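Subject: Structure for your review

Hello,

Here is the structure I promised to send. Please open it first, then read my notes below.

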Amino acid sequence: MGRVEFKLDKNGNVAVPVGKFSFEPQALVENSTTVIEAVVKARPASAKGVFVENVTLSATMSPGLKVDASSFIKL
């Protein structure tokens with residue numbers, strides 16, 4: 001298993017590569033799920049309010065595809 005490393009920009013956005021165009025669709029889904037779960041698990045205990053508001057996936061220099069992240073967000 002690989003590691004998930006991510007950093008936030010000053011606005012709280014996370015940009016993480018989850019695969020390449022040559023990857024099988026199932027591998028991209030698994031990688032994306034793992035990244036989203038890792039971000040949700042990294043929520044500090046002191047964080048208040050909604051931690052993950054939106055999830056968008058995109059290829060380099062292409063329009064984004066909005067993802068319903070409600071299944072990953074525990075209220």
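**Largest pocket**

Helix 1 contributes the most to the lining of the largest pocket, with six residues. Helices (H or I, at least four residues) and strands (E, at least two) are DSSP runs, numbered from the N terminus. The largest pocket has a volume of about 1,000 Å³. Of its 33 lining residues, Val14, Val16, Val55, Thr56 and Leu57 are the closest to the centre. Two elements give two or more residues to this lining: helix 1 and strand 1 (55-57). By type, the lining residues divide into 21 nonpolar, 10 polar and two charged.

The terms work like this. A pocket is found on a 1 Å grid over the protein atoms alone, as an open set of points where a 1.4 Å probe fits, with protein on both sides within 12 Å along at least five of seven lines. Lining residues have an atom within 4 Å of a point. Points are joined across faces, edges and corners, and the volume is the space filled by probe spheres set on them. Ala, Val, Leu, Ile, Met, Phe, Trp, Tyr, Cys and Pro count as nonpolar, Asp, Glu, Lys and Arg as charged, and the others, Gly among them, as polar.

**How far to read it**

This is a predicted model: local features need pLDDT of at least 70, side-chain atom pairs count only at pLDDT 80 or more, and totals for chains, interfaces and linings use all residues. Residues are numbered from 1 along each chain as its sequence is written, and side-chain values use heavy atoms, with hydrogens and water left out.

**Overall**

The protein has one helix and two strands. From the N terminus, their order is α-β-β. The C-alpha atoms fill a box of roughly 40 × 30 × 20 Å along the principal axes. Of the 75 residues, 11% count as buried (under 20% relative accessible area; exposed is over 50%, partly exposed in between; 1.4 Å probe, protein chains only).

Ser32 lies in helix 1 (residues 25-41). Ser32 counts as buried because its relative accessibility is 11%. Beyond its neighbours within four places in sequence, Ser32 is in contact (heavy atoms within 4.5 Å) with Val18 and Leu57.

Asn31 is also found in helix 1. With a relative accessible area of 28%, Asn31 is partly exposed. Leaving out neighbours within four places in sequence, Asn31 is in contact with Val18 and Phe23. Asn31 and Gly19 are 12 residues apart in sequence, and their C-alpha atoms are 7.2 Å apart.

Best wishes
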